[in-house]
Amino acid sequence: MSEQQIEAVDGQPTQEHHEGGFRPIRELGRDNTKGGAHYGEFIDEVRGLMDRVRLADPSDALALDVIATLKELNDKLDAAVVDEWDAPPWHRNDLPARGNITLPPFEVDAAGKDGVRARITFRTFHLGGNSAAHGGHIALGFDDLLGMTAALYTRQATRTAFLHVDYRSITPLNTELVLRGWVERQEGRKVFVRATLHDGDRLCAEAHGLFVLLKPGQQ
């Protein structure tokens, strides 16, 4: 989230706005120095590795060499591992998908009570087959951005209750696509959301789901 997006849900929690076991929204995106000046480049290189591994067919010699290198890298990174709440993706709203490598990278262009508009790219790592993005990764993109949509609309933390995705046409890889999400209605703790994913004028997929506001202390 950008500073503007955070301000839309900022403020002190009330009995209704308790945020359950989540990090308070007002604490998110406040420190873009988390991970250091090179964190974005670090994430880009990790994504590049994921892309290459997705299609790699290494020889035994190359596999053993890479395994040794990865073991060495993992040993180095062990010293930098922090808990969930201190990890940079809670803060780095300056990076695509907040620097979260588990998500397809996206850039938010507009976000508020009326909805979210973002540009999202499914990379080689997200390949399903025949140059198309995997449906599970498409659902993941919908889920994260619809969670943001629900939070901006309600000013509260939510959990996904269900998410239904209709795949209308092929979703291409390595192409900037437009994802839009909005809230249809709210009924008590239930927040009903919808979203579309477009490649230009072509509808690739659409989704509808239910997000539920958390009870006090609920995780």
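Is Glu 206 buried or exposed? With a relative accessibility of 18%, Glu 206 counts as buried, because the cut-off for that class is under 20% relative accessible area. The points below set this residue in its surroundings and then turn to other parts of the structure.

1. On the kind of model. What follows concerns a predicted model, and every value quoted here was computed from that predicted model.

2. On the overall fold. The protein has four helices and eight strands, and when these elements are read along the sequence they follow the pattern α-α-α-β-β-β-β-α-β-β-β-β. Of its 219 residues, 40% count as buried. Contacts across the sequence also deserve a remark: among those between residues at least 6 apart, 67% join residues that are at least 24 apart.

3. On Glu 206 and its partner. The structure holds 13 salt bridges, and one of them is formed by Glu 206 with Arg 168, where the closest N and O atoms are 2.8 Å apart. Glu 206 lies in strand S8, which spans residues 202-213, while Arg 168 belongs to the loop between strand S5 (158-167) and strand S6 (176-187). The pair therefore ties together parts that are 38 residues apart in sequence.

4. On a network of charged residues. Asp 109, Arg 117, Arg 119 and Glu 176 are linked in a network of salt bridges. Within this group, the side chains of Asp 109 and Arg 117 meet at 3.1 Å, taken from N to O. Asp 109 is partly exposed, having a relative accessible area of 37%, and Arg 117 is likewise counted as partly exposed, at 30% relative accessibility.

5. On a salt bridge between Glu 184 and Arg 185. The side chains of these two residues meet with an N to O distance of 3.9 Å, which falls within the 4 Å limit and therefore counts as a salt bridge. Glu 184 has a relative accessible area of 43% and is partly exposed, and Arg 185, with a relative accessible area of 37%, is partly exposed as well.

6. On Trp 182. This residue lies in strand S6 and counts as partly exposed, its relative accessibility being 31%. When residues up to four places away in sequence are not counted, Trp 182 touches Asp 114, Gly 115, Leu 146, Thr 149, Phe 192, Val 193, Arg 194, Ala 195 and Thr 196. For one of these, Thr 196, the separation from Trp 182 is 14 residues in sequence and 9.4 Å in space, taken from C-alpha to C-alpha.

7. On the loop between S3 and S4. Asn 130 lies in the loop between strand S3 (127-129) and strand S4 (132-133), and Ser 131 is found in that loop too. A reader checking the backbone may wish to look at both residues: phi of Asn 130 is near 55°, a positive value in a residue other than glycine, and Ser 131 has a positive phi of about 70° although it is not a glycine. Asn 130 is exposed, with a relative accessible area of 78%, and Ser 131 is also exposed, with a relative accessible area of 53%.

8. On a nonpolar patch. Leu 49, Val 53, Leu 62, Val 66, Leu 70 and Leu 73 form a nonpolar patch on the surface, and together they have about 470 Å² of accessible area. Helix H2 (39-55) and helix H3 (60-78) each supply at least two residues of the patch, although the largest share, four residues, comes from H3. Leu 49 is found in helix H2 and, at 41% relative accessibility, counts as partly exposed.

9. The structure holds one cavity of 30 Å³ or more, and the volume of the largest cavity is about 30 Å³. Its lining is made up of Arg 47, Met 50, Asp 51, Arg 123, Phe 125 and His 126.

Key:
Residues numbered from 1 in each chain as written. Predicted model: local features only at pLDDT ≥ 70, side-chain atom pairs only at ≥ 80, totals over all residues. Heavy atoms only, no water. Buried < 20%, exposed > 50% of the residue type's maximum accessible area, 1.4 Å probe, protein only. Patch = residues over 30% accessible without salt bridge, like charges linked within 9 Å, V, L, I, M, F, W, Y side chains within 5 Å. Areas by Shrake-Rupley, 256 points an atom, 1.4 Å probe, with all protein chains shown as cover. Contact = heavy atoms within 4.5 Å. 1 Å grid on protein atoms, 1.4 Å probe; cavity = no way out; pocket = protein on both sides within 12 Å on 5 of 7 lines; lining within 4 Å. Points joined across faces, edges and corners; volume = space filled by probe spheres on them.
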